[in-house]
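Dear colleague,

Please find below the structure I wished to pass on to you, followed by an account of what was found in it.

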Amino acid sequence: MFSNQKFLYKTRLTGLLLLTAGYGWAGGHFIPAGITYLAYLIQLAIILILLVFTVAYLNLPNAPSLRGLRGGWPVIALTVFTVLSLILNIANVIQGVNNHSPDAFGSHNTPADLFPIVLIMIGNVLWISTLFSRAAPSPSSPGQELRTSL
């Protein structure tokens, strides 16, 4: 297996872990007690979408290979998810600049509010950054298959 492909695969996995941690943290932090169940359902839907797409990505044949890095519906779905998520979280930070009421909805750009948002945004950037990398074959190992030890 090519070391560049392995690096890109691990970068994507790290991004997905940060996304999941960030959304889990945000769900626990941003949904206040006493709010309607709709807020919980929206957060659950986000985490379930991320879970389904991630499991599908991990089940791609030879996921760390060039085929798994470039193609398949899970890669497209996770890319759309990360781009939308990045846009929404940038908007959330911008909205937090103008959000001065402590009882108002959304981020207030306090450290407690920004930490899960930053985790999510780092995960987004890690995933998106792998889309622009070229996994070039290593001249020393042109046909080597995926090893089980990542």
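Helices are taken here as DSSP runs of H or I with at least four residues, and strands as runs of E with at least two, numbered from the N terminus. On that basis the protein reads α-α-α-α-α along its sequence, with five helices and zero strands. Please note that the model is predicted.

Overall, 36% of the 150 residues of the protein are buried. Of the contacts between residues at least 6 apart in sequence, 72% join residues at least 24 apart.

The largest nonpolar core contains 15 residues, and those with the most contacts inside it are Leu16, Leu19, Tyr23, Leu50, Tyr57, Leu78 and Trp127. At least two residues of this core come from each of H1 (3-30), H2 (37-58), H4 (73-97) and H5 (111-130). H1 supplies the largest share, five residues.

I would also draw your attention to the pairing of H2 with H4. Their axes come within 8 Å and cross at roughly 145 degrees, and the crossing is left-handed. From H2, Ile46, Ile49, Leu50, Phe53, Thr54, Ala56 and Tyr57 meet Trp73, Pro74, Val75, Ala77, Leu78 and Phe81 of H4. By class, this contact has twelve nonpolar residues, one polar residue and no charged residues.

As to H4 itself, its buried residues include Pro74, Val75, Leu78, Phe81, Asn89 and Asn92. The 25 residues of H4 should span 36 Å at 1.5 Å a residue, and the end C-alpha atoms of H4 are 36 Å apart, so the two values agree.

With kind regards

Definitions and conventions. Residues numbered from 1 in each chain as written. Predicted model: local features only at pLDDT ≥ 70, side-chain atom pairs only at ≥ 80, totals over all residues. Heavy atoms only, no water. Core = buried A, V, L, I, M, F, W, Y, C linked by side-chain atoms within 4.5 Å. Buried < 20%, exposed > 50% of the residue type's maximum accessible area, 1.4 Å probe, protein only. Axes fitted to C-alpha atoms, helices over the stretch in contact; angles between N-to-C directions. Left-handed = near helix turned anticlockwise from the far one by under 90°. Contact = heavy atoms within 4.5 Å. Nonpolar A, V, L, I, M, F, W, Y, C, P; charged D, E, K, R; others polar. Expected span 1.5 Å × (residues − 1).
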